[in-house]
Amino acid sequence: MARGSTIVGLDVGSTKVAVLVGEVSEDGQVQVIGFGLVPSAGIRKGTVIDIESTARSIEEAIEKAEQMSGRPIEGGFLGISGPTVSSLNNRAVVAVANPDKEITAEDVERVLQAARVVPLPPDRQIIHVIPRQFIVDGNENILDPVGMVGTRLEVETHIVTGNQAAIQNLLKCCERAGFRVQELVLNAYASGEAVLFPAEKELGVVVVDIGGGTTDIALFDQGSLWYTSVLPIGGSYITSDLAVGLRTPLNNAEEIKKEHGCTLPALTSESEIIEVSSVGGKDVYRVPKKMIAEIIQPRVQEILSLVKNQLEKTGYPGLLPGGIVLTGGTALTQGIVELATEEFQKPVRLGFPESVSGLTDVVQSPIFATGVGLLMYAAKRRGQMAKESENFSWRSMMTRIKNWFKDLF
Ligand SMILES: Nc1ncnc2c1ncn2[C@@H]1O[C@H](COP(=O)(O)OP(=O)(O)OP(=O)(O)O)[C@@H](O)[C@H]1O
Ligand SMILES: [Mg+2]
């Protein structure tokens with residue numbers, strides 16, 4: 001069988017760096033053929049605080065992914081997060097240039113360029129300009145206006161921006177690790193690509209990726225992004241609290257959280273006891289599981305209510321019938337769906353990145369939502385670029401034929 005083209009996604013998280021290698025077939029299906037997963041160093045709350053250590057973690061993850069996939073990795077798509085990420089919706093309008101009023105790819109490019117013109121402070125840079133819909137002479141909900149007839153082309157876009165220094169520092173780490181960044185992709189956007197169904201995105205849905213240091217939020221409506229933001233809080237906050245509450249080192253608290261953690265004390269009993277070693281390792285305490293749940297529950301509740309407040313501030317007019325989809329490592333906490341259903345008063349489910357094939361037993365975990373989403377985004381972009389170059393060669397052939405006729409007569 002012919003080999004598909006290779007795509008690579010790099011997710012530099014606050015707790016782990018994941019490099020995913022995929023193969024995309026002609027029909028756009030993604031098969032994961034390798035990954036590298038290492039604990040991250042030098043990243044706090046989604047932002048680089050130490051270039052050397054971050055670059056080293058990226059290098060290690062790349063090496064592992066190369067070994068597993070047997071493919072050399074030179075670059076790929078990079079996920080972006082951090083609390084400085086913000087977004088806005090913007091509109092722009094242009095007159096159709098062609099005298100016969102047929103909309104061309106150049107008109108679309110011009111209107112998208114016009115939509116990029118937003119007043120931004122000098123320390124911010126644009127990450128995405130995502131067209132939500134095109135409007136041709138007042139006719140709404142057009143996804144691809146090229147070839148249509150009209151005089152006035154409008155676009156509604158979602159623009160995502162981030163702090164320039166934070167982005168440049170992450171790019172510097174990638175450069176040091178020998179990873180050439182093809183495109184930046186917002187983490188929450190990627191996670192949404194990986195775990196949401198198209199019907200949910202159409203109805204209105206929020207993906208909440210609760211990682212180690214950040215909680216990334218993306219609201220999708222009518223099939224595309226409507227709102228995005230990043231909160232500087234995640235599972236590490238729960239671990240620290242557990243370490244203090246149980247008087248145990250952070251690595252113990254992390255293990256206890258993953259193995260015995262639960263957000264609903266009512267689901268545990270006083271008689272379920274686990275052993276916890278003290279800081280320094282001299283003593284061993286016996287702690288009821290209920291007590292662990294009593295420490296975890298308010299922290300998870302706090303994260304969820306911050307998300308809720310953030311969503312209330314957006315002014316989104318819809319009802320979100322698609323509900324809330326929780327992903328990221330912290331979504332694995334037992335009982336979180338029940339707690340979130342109560343908090344949001346909406347349907348809540350867990351999001352697993354299931355629409356890829358290949359190494360599914362490992363990568364179909366919420367921890368890989370962003371990584372898998374980066375591959376899916378990369379595959380989509382490949383498809384778009386192939387279509388654009390096809391259109392381009394078709395157009396240049398038509399121009400050549402027109403010129404040939406002109407020369408003849
Ligand atoms: N089974 C589990 N139960 C509870 N928490 C878990 C479980 N497995 C992982 N976690 C938590 O998930 C977090 C890591 O998730 P993830 O890998 O999505 O984060 P990240 O991408 O490194 O960080 P971020 O996206 O915040 O920058 C850690 O805080 C970890 O403790
Ligand atoms: Mg993450």
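By class, eight nonpolar, 22 polar and eight charged residues line the second largest pocket. Here Ala, Val, Leu, Ile, Met, Phe, Trp, Tyr, Cys and Pro count as nonpolar, Asp, Glu, Lys and Arg as charged, and the others, Gly among them, as polar. Keep in mind that this is a predicted model, where local features need pLDDT of at least 70, side-chain atom pairs count only at pLDDT 80 or more, and totals for chains, interfaces and linings use all residues. Residues are numbered from 1 along each chain as its sequence is written, chains are lettered from A and ligands numbered from 1 in the order written, and side-chain values use heavy atoms, with hydrogens and water left out.

So what do "pocket" and "cavity" mean? On a 1 Å grid over the protein atoms alone, a cavity is a set of points where a 1.4 Å probe fits but cannot get out, while a pocket is an open set with protein on both sides within 12 Å along at least five of seven lines; lining residues have an atom within 4 Å of a point.

The second largest pocket holds about 940 Å³ of space. Its lining has 38 residues, and T15, G211, G212, E254 and K258 lie nearest the centre. Two or more lining residues come from each of β1 (5-12), β3 (30-39), α6 and α7, and α7 gives the most, six. (Helices are DSSP runs of H or I with at least four residues, strands are E runs of at least two, numbered from the N terminus.)

Around ligand 1 are 19 residues (each with a heavy atom within 4 Å), and S14, T15, T214, E254 and K257 are the closest.

| Residue | Part of residue | Distance to an oxygen atom of ligand 1 |
|---|---|---|
| T214 | backbone N or O atom | 2.7 Å |
| E254 | side-chain N or O atom | 2.5 Å |
| G329 | polar backbone atom | 2.9 Å |

The protein covers 92% of the 660 Å² of accessible area that ligand 1 has on its own (Shrake-Rupley method, 1.4 Å probe).

There's one cavity of 30 Å³ or more, too. The largest cavity has a volume of about 140 Å³, with G46, I80, S81, A166 and L170 nearest its centre. Its lining splits into nine nonpolar, nine polar and no charged residues.

Note on methods:
Polar contact = N/O pair within 3.5 Å; in protein donor to acceptor, adjacent residues only side chain to side chain. Points joined across faces, edges and corners; volume = space filled by probe spheres on them.
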